[in-house]
Amino acid sequence: MVVNSLAFLWFFLVVLAVYYCLQTKKALQNVFLLACSYWFYSQVDIKMTILLVLLTGTFWLLGKGVGNAIERERERLASRLTSLSVVIGIGALFYFKYLNFFADSFVAAASLIGLHLSWTTVNLVVPIGLSFFTFKLMSYVLDIYHGKISHERDVISFANFIAFFPTILSGPIDRPKPFLKQVNMARVFNAANLTAGFQRVLWGMFLKMCIADRLDLYVSAVWNNYEHHSSISIIFASLLYPLQMYADFGGYSEMAIGVALMLGFKVAENFKRPFFTTNIANYWSRWHMSLTSWLTDYVFMPLNIKLRDWGTNGTIAAIMLNMTFIGMWHGANWTFFLFGIYHGLWYIPLMVSGQFFKKTKIKVNANGWPTQPYVLKMVGNYLVVTFGLILFHSSNLTEFGSVLARIATAWNGGLFFDLSTMVNGALCTAALIYVDLQEEWFPKKRLWLPSWAERWRWELMIAFEMVCIVLFGVFDNNQFIYFQF
């Protein structure tokens, strides 16, 4: 059951009605919310729900142990329990996501030097959302150890932080402090939150159904049969794929944030117009922001401190390791490993030139529009991202090499043309570009809108999104790309 399905709509309407009937009783409200979250997750796999409950209980006890050890000034015990929590979190990820990958890779590497080993692949089902909720589990204990929060005494509140149904499948990855503060307060009905939440859910549905799924019809048609398509068609599909990814994952994030807001929770933002950036560092500061900030705080910063004696080289090493983790977080495949390395390499020129620590400022001309060199840098950065996503999109390195070879050799054919998909997708994508352009460059004035349209801006926007969803929306593709991670 996904957030843009009819089943979820009925589920959420029932949840919302009962939830606010309990608004004067915080404890009951939290118990009900947790029950709904576990039921929602159990629709994926009841066995995985049992795993979720076991991990939640384990980390709550570890957090309690770390908190009590700190209160009693038993630093060594607190450190050991924190290390144990990291081992369990990474261990769960390794077992379910990476065990077969590393075992198969080790056997293959051994065969190259004449050692013939055997490994029977373990048939493991990776729990949906594992990469998201294990990060929340680890950050909880780490934040207690570093004195950022106190251990949560109410296990129901903590379990809600981990299993919160709008975000458990694909994030955003919330931090413990702001969420636990909200879950320990009674959430009362707020019409403004309901309206704002609905607007974000509708925008997310528009992004997913009218842009991501519409573009997917073209991208998949080309990519799944790249051997029969021309270079220009593969390049065009590759240029569309970043927009598809943005609309798909950004759409899910908008819906999750909107549903959470209707329940009285403000969760982490995940995207901030990433294609209006001019270098890879700025791109990652706006793409999947909850993941990037998590790894920055818990991986990059500790590594950078440990390697500070190496100066700039130490920071570069920390960045490369951090980006490698980002790549591998997405899955057990050498394509993801190289995807992380590829992005990390683009940080090196920024470090060497000193641009990494400088805040990029928009350079504008006399009319207030960004200058041509600035726009060209944006286009160049989009192309950098696009090439990386060809690697990301490939099922393995062999396919990646074959796609590049096809691009290099198949220049005789024309562009594959799907009139309905391309026209409808272009119309909806233009709306996304307009909204992002407006918010990025002209937040204080409205572009190309007459005065009467400005007065009814939100109403017209909602009507436009609804009409587009009905006319152009793809209703038979509910799966989100990031569910696999």
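Leaving aside its neighbours within four places in sequence, which residues is Phe265 in contact with? In this predicted model, the partners of Phe265 are Tyr19, Leu33, Phe164, Phe179, Gln182, Val183, Arg187 and Ala260. Phe265 also belongs to the largest nonpolar core, which holds 134 residues. Together with Phe165, Phe206 and Leu263, Phe265 touches the most other members of that core. The biggest contribution to this core comes from helix H9, spanning residues 231-262, which supplies 16 residues. Apart from this core there is a second, separate one of six residues, and Tyr374, Met378, Leu437 and Phe442 are among them. As general background, nonpolar side chains in soluble globular proteins tend to be buried together.

Gln29 is found in helix H2, which covers residues 26-42. Is Gln29 buried or exposed? Its relative accessibility is 0%, and Gln29 therefore counts as buried. When neighbours within four places in sequence are set aside, Gln29 is in contact with Tyr19, Leu22, Gln23, Ala186 and Arg187.

The next topic is how helices pack against each other. Two packed helices are described by the angle between their axes and the distance between the axes. For helix H8 (residues 191-223) and H9, the axes come within 7 Å and cross at roughly 155 degrees. An angle over 145 degrees counts as roughly antiparallel, so H8 and H9 are roughly antiparallel to each other. Their crossing is left-handed. Sorted by class, the residues of the contact of H8 with H9 comprise 26 nonpolar, nine polar and six charged.

On the H13 side, the contact is made by Thr335, Phe336, Leu338, Phe339 and Tyr342. H15 brings Val384, Phe387, Gly388, Leu389, Leu391 and Phe392 to the contact. Which classes do these residues fall into? Nine are nonpolar and two are polar, while no charged residues take part in the contact of H13 with H15.

Some details of the backbone in the loops also deserve a look. The loop between helix H6 (155-163) and helix H7 (176-183) is the place of Pro172. The peptide bond leading from Gly171 to Pro172 is cis, and its omega is near 5 degrees.

Where is Arg273 placed? Arg273 sits in the loop between H9 and helix H10 (280-284). Although Arg273 is not a glycine, its phi is positive, at about 50 degrees. With a relative accessibility of 15%, Arg273 counts as buried, because the cut-off for buried is under 20%.

His288 likewise is not a glycine, and its phi is positive at about 45 degrees. The place of His288 is the loop that lies between H10 and helix H11 (289-306). His288 has 0% relative accessibility and so counts as buried.

Key
Residues numbered from 1 in each chain as written. Predicted model: local features only at pLDDT ≥ 70, side-chain atom pairs only at ≥ 80, totals over all residues. Heavy atoms only, no water. Contact = heavy atoms within 4.5 Å. Helix = DSSP H or I, 4+ residues; strand = E, 2+ residues; numbered from the N terminus. Nonpolar A, V, L, I, M, F, W, Y, C, P; charged D, E, K, R; others polar. Core = buried A, V, L, I, M, F, W, Y, C linked by side-chain atoms within 4.5 Å. Buried < 20%, exposed > 50% of the residue type's maximum accessible area, 1.4 Å probe, protein only. Axes fitted to C-alpha atoms, helices over the stretch in contact; angles between N-to-C directions. Parallel < 35°, antiparallel > 145°, perpendicular 65-115°, else oblique. Left-handed = near helix turned anticlockwise from the far one by under 90°.
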